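Colleague: I am new to reading structures. Could we go through one together, feature by feature?

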Amino acid sequence: METLQQMGAGFGVAFTPENLLFVFIGVLAGTVIGILPGLGPMSAIALMIPIAFGMDPTTAIIMLAGVYYGAIFGGSTSSILLNAPGVAGTVATSFDGYPMARKGAAGKALAIAAIASFTGGTVGVVLLMLIAPVLSSFAVSFGPADYFALMVLGLTAVVTLGGRNITKGLIAAVVGVMVSLVGIDSQTATLRFTFGMPELYEGVKFLIVALGLFALAEVFSMLARRGAGGADGSMSSLRLNRRELGRIAGPTGRGSILGFFTGVLPGAGATVASFLSYSMEKRIAKDGDTFGSGNPKGVAAPEAGNNAAAVGSFVPMLTLGVPGSGTTAILLGALLVLGVTPGPMMLSERPEMFWGLVASMYVGNIVLLVLNLPLIPLFAKVLKTPRAVLIPLVVVFCVVGVYGLSFSVFDLWLLLGFGVVGYLMRQNGFPAAPMILGLILGSMMERSMRQALQISYGDWTTFVTSPYSAALLGLTVVVLVWPLVKRLRTGAKGPAADGGSSPDGAEKAEEDTATRP
Amino acid sequence: MFRARPVAVAAALASLALAATACGTGGGQQTGGGPWKPDRPIEIIAPAATGGGWDTLARTSGRVLEEGGLVDEPVQVVNKPGGGGSIGWAYVAQTPDTPTRLFVTSPPISLVPLMGGSVYDHRDFTPIARLATEYMVYLVPEDSPIESWGDMVDRLEEDPRQVSIAGGSSPGSMDHVALAGAVEAAGIDPTSINYVPFDGGGEAMTQAVGGHVDAVVTGASEAAGLVESGDLRPLAVSGAERASTLPDTPTLQEEGVDFTYDIWRGVMGPPDMTDEQVAYYEGLFTDMTEEESWKQQTEALGWTDSYMDSEDFGEFLDRSSTDSAEILTTIGLIEDGEGR
């Protein structure tokens, strides 16, 4: 009841014309910046910070939060249309979003992304509103051993992302983990694999690898095909029928919940959330084997997950004063300069700000949907751009995005290098997704493991004595063993069981015809 | 501040002599035309990405300088992230003929080179002014059996394995040095400490609140919120005086430990700046620290005013660098004499 009252006051704050205007500006600016490959929420917020200075702190945080989820949504647009994720959290969206776009269903993919993002964001805000004070104890309950177990569970997604040849998938994942180890080792301050180059001391930036492996590699294959193949210029309507909405309802709902709680954990964030949602859906979906070739569920799950996680990552910032992600770290810095100290006292000392922000997130989500649904046909027209114009543009955006991050020419060479690696991987049937996954989770997994062992003085039982860790590792075992059990059981039923994929195939064909205009 | 040692004094004198020769030779074309003034926009380099401590310092300075009308030329903040600062330092060190290119700095300028992460250290630049400082704070979770700093020392003496202590940065960086120096001064072997590095003070404090580690060392202003809410209990601060954000927390010296550690923040310029140029910037930054908006900003950030002019700042840098080198040598992270 009290919460409802405060929420009412919060909407009072959010609905002042000034704040509504700035939510709108923030979301719009965030979306536009996020669409550009390479520019994610961090760059978007950094760009908007000078504007925020001098504003009323409540209005400023409302605008910057709008920029944040606008940028995440914008990133999914470039993931789907160009295979050029601007944001780490939308890499998983490209796995099915880009194939959908190539099949002519770009409008549909963008609509699914918009609806799933809206749902994820809304579910996140509702959860934030209802249980934020309780959540701070959840956010601190994860120790290093638990993070390690979470990352291990995340890495099992390699099996589902690996495509047909599991060995090649594992090789790609190992290479990803190896790349994640480059730089100063946080536990001993030792330099690893830096070859004496200061540019590598802080490691290889995720975005460089993602843009190289996905966007540049795609550009190279387009060039190599000399115009054959590529995106289908034809465009389906963006309207989703009831059946399609029904299909994505489950993945969206589960992705929202899973994403939110992953986002609450400091350090895990939207990227881990989107990968976890994607691989969970792929595993439980009946048509799991069509994931990766344009399954709408594969767009809905990570999109719901990353937006819910973006909201979730506000929990540690608002309740503990601790940034849950790189982006909220920048937000936190901006707030400090504005004279606001987010943290445990914020809810009691500045309730108007806390609830105003929560309410404006809700408003921002609606703005995001209203703003973007009408724009989708326009965005989707990008694919009608002649190849001769589109390819150079993608390259320009990748270069600008990477250079804008560090102002370092060295990083551009890295980008080119990973583009070539990505192209060679494609030519030889190595999937890029496991490599990205290994890169994201590898360093975090290693760091957590060593922290846990440091605390326990090398006692490995620390991984099973913590309840979270034990449960997550148990789940990992189940996830890995289950397909074997299933195979043994179907194997016992005889070779006819092999036809299990045909219903899925039929459904896929049907879906293909349904997407024609 | 830091314990003065004969070595430190000698090093300070030596480097002063060096600085004097450097100043004498560098000023060729600039002298003779009255007081020096910048003839193009002033660049303030933040050797880190946007959003961090250096970036905040650079942008706050830039804003106060421009809004206060203290400069005729615009002030541009440029981020040169990478290598824990070394990319930005190399950039400034390689342009000795650009006296309008300054950078913001703090203890890593001596720690990173000591640990082998940068070929340039503070002696390769011209100190301009120390602006502000902040202290470290040592905290335990609210429900911890550890009652005071002395109690923690007793437990560490009994069995260092009893107390795991989190920090927000890798071994050999500020948090670790501030911890190792304090326990060493309290008579404990700093190599026996179970220091667990995390990715940032926020993460380290979260782990302490959750009870995954027994104690945490981090910046005083960063910890203020969780102290006020009662989630963390401060044992001591590393300053010579109590921190304004934590007025009830004793200093290490009050707890009988002869050790202080400053997270100082300052401005440096490229090598070989002329006396006129240094004098201009000293005046500029003195004016800046007297601006009302600067005082408001630094108070909000939990920084204490601790202005030092170029000469004092240079000596201070030599002293603190020597002290840090000694601590790092004691912990065994660097060989004796390495980096000096």
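Modeller: Start with contacts. Two residues are in contact if their C-beta atoms, placed from the backbone, lie within 7 Å. Keep in mind that this is a predicted model.

Colleague: What share of the contacts in chain A with a separation of 6 or more comes from residues 24 or more positions apart?

Modeller: In chain A, that share is 79%.

Colleague: How many helices and strands are there in chain A?

Modeller: Chain A has 23 helices and 2 strands. Its radius of gyration is 22 Å, close to the 24 Å from the globule rule for 517 residues, so chain A is as compact as a globular protein of that length. The C-alpha trace spans about 65 × 60 × 50 Å along its principal axes. As for burial, 58% of the 517 residues of chain A count as buried.

Colleague: How do I describe two packed helices?

Modeller: Give the angle between their axes and the distance between the axes. Now take a case. In chain A, helix α6 (residues 106-141) and helix α11 (residues 242-264) pack at an angle of about 35°, and their axes are 8 Å apart. The crossing of α6(A) and α11(A) is right-handed.

Colleague: Which residues make the contact of α6(A) and α11(A)?

Modeller: From α6(A), they include A:Ala116, A:Gly120, A:Val123 and A:Leu127. From α11(A), they include A:Ile248, A:Gly255, A:Gly259 and A:Phe260. By class, the contact has 11 nonpolar, 7 polar and no charged residues.

Colleague: How many residues does each chain bring to the contact of chain B with chain A?

Modeller: Chain B brings 42 residues and chain A brings 39. On the chain B side, the elements giving two or more residues are α2 (53-67), α3 (86-93), β6 (194-197), α7 (201-209), α8 (220-228) and α10 (292-301).

Colleague: Which domains is chain B divided into?

Modeller: Domain 1 covers 6-133 + 262-331, and domain 2 covers 135-237. Here 12 residues of domain 1 of chain B are in contact with 15 residues of domain 2 of chain B. On the domain 1 side, β9 (262-269) and α11 (310-331) of chain B each supply at least two residues. α11(B) gives the most to that side, with 5 residues.

Colleague: How does the domain 1 side divide by class?

Modeller: The side of domain 1 of chain B that touches domain 2 of chain B has 8 nonpolar, 3 polar and 1 charged residues.

Methods: Residues numbered from 1 in each chain as written. Chains lettered and ligands numbered in written order. Predicted model: local features only at pLDDT ≥ 70, side-chain atom pairs only at ≥ 80, totals over all residues. Helix = DSSP H or I, 4+ residues; strand = E, 2+ residues; numbered from the N terminus. Domains from an automatic or database assignment. Nonpolar A, V, L, I, M, F, W, Y, C, P; charged D, E, K, R; others polar. Rg over C-alpha atoms; globule rule 2.2 N^0.38 Å. Buried ≥ 20, exposed ≤ 12 C-beta atoms within 10 Å, placed from the backbone. Axes fitted to C-alpha atoms, helices over the stretch in contact; angles between N-to-C directions. Left-handed = near helix turned anticlockwise from the far one by under 90°.
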